[in-house]
Amino acid sequence: MGLPKTPALTTDCVIFDGRGRVLLIRRGHPPFQGAYALPGGFVEIGETVEEACRREVLEEVGIEVGELRLVGVYSDPARDPRGHTVSVAFLAVLPRASVPQAGSDAAGAEWVDDRRALKLAFDHARILADAEVLKGQAKG
């Protein structure tokens with residue numbers, strides 16, 4: 001018996017620096033081309049979601065992240081216009097900001113102070129809001 005047809009597995013990473021800024025990319029390709037988004041992408045065969053998260057961050061912004069904390073699993077069938085995807089989202093906190101270098105399919109990458117003024121791609125605003133709650137719980 002073959003494997004059933006299932007949603008594509010992705011990962012997203014919310015990265016804060018020591019000043020509370022979040023690292024966002026500008027998407028280089030559709031869907032949401034030019035929009036702000038969290039670094040992330042598809043999990044490749046043979047890698048864990050944590051490995052995929054670290055690989056995608058390195059490919060898209062040129063930064064290595066260490067400890068990852070699970071933010072949540074996001075599975076709304078309508079979250080990606082290309083088809084049903086499930087994202088495992090992680091939180092990483094860097095003590096100080098590294099200079100991001102856009103690569104892979106990112107058209108740009110930057111540290112953002114006021115993300116609330118931006119419209120984010122996919123369901124990334126929800127993921128970011130959940131990560132902010134998780135980050136706040138770690139402080140308390």
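In the predicted model, buried residues account for 48% of the 140 residues of the protein chain. The C-alpha trace spans about 50 × 35 × 25 Å along its principal axes.

The protein chain contains 2 helices and 7 strands. Read from the N terminus, the order of these elements is β-β-β-β-α-β-β-β-α. Contacts between residues at least 6 apart in sequence were also examined, and 68% of them join residues at least 24 apart. As for charge, 17 side chains are positive and 20 are negative. The centres of these two sets are 5 Å apart.

The loop between strand 2 (22-27) and strand 3 (36-37) contains Pro31. The peptide bond leading from Pro30 to Pro31 is cis, and its omega is near -5°. Phe32 is located in the loop between strand 2 and strand 3 as well. Phi of Phe32 is near 65°, which is a positive value in a residue other than glycine. Phe32 has a relative accessible area of 35% and is therefore partly exposed, since this category covers values between 20% and 50%.

A positive phi is also found at Phe122, where the angle is near 50° in a residue other than glycine. Phe122 belongs to the loop between strand 7 and helix 2. Its relative accessible area is 18%, so Phe122 is buried; the cut-off for a buried residue is under 20%.

The loop between strand 7 (106-112) and helix 2 (124-139) also holds Arg115. Arg115 counts as buried because its relative accessibility is 12%. The side chain of Arg115 forms a polar contact of 2.9 Å with the side chain of Glu132. When residues up to four places away in sequence are not counted, Arg115 touches Val22, Ala125, Leu128, Ala129 and Glu132.

Technical notes
Residues numbered from 1 in each chain as written. Predicted model: local features only at pLDDT ≥ 70, side-chain atom pairs only at ≥ 80, totals over all residues. Heavy atoms only, no water. Helix = DSSP H or I, 4+ residues; strand = E, 2+ residues; numbered from the N terminus. Buried < 20%, exposed > 50% of the residue type's maximum accessible area, 1.4 Å probe, protein only. Contact = heavy atoms within 4.5 Å. Lys, Arg positive; Asp, Glu negative; His and termini not counted. Charge placed at Lys NZ, Arg CZ, Asp CG, Glu CD. Polar contact = N/O pair within 3.5 Å; in protein donor to acceptor, adjacent residues only side chain to side chain.
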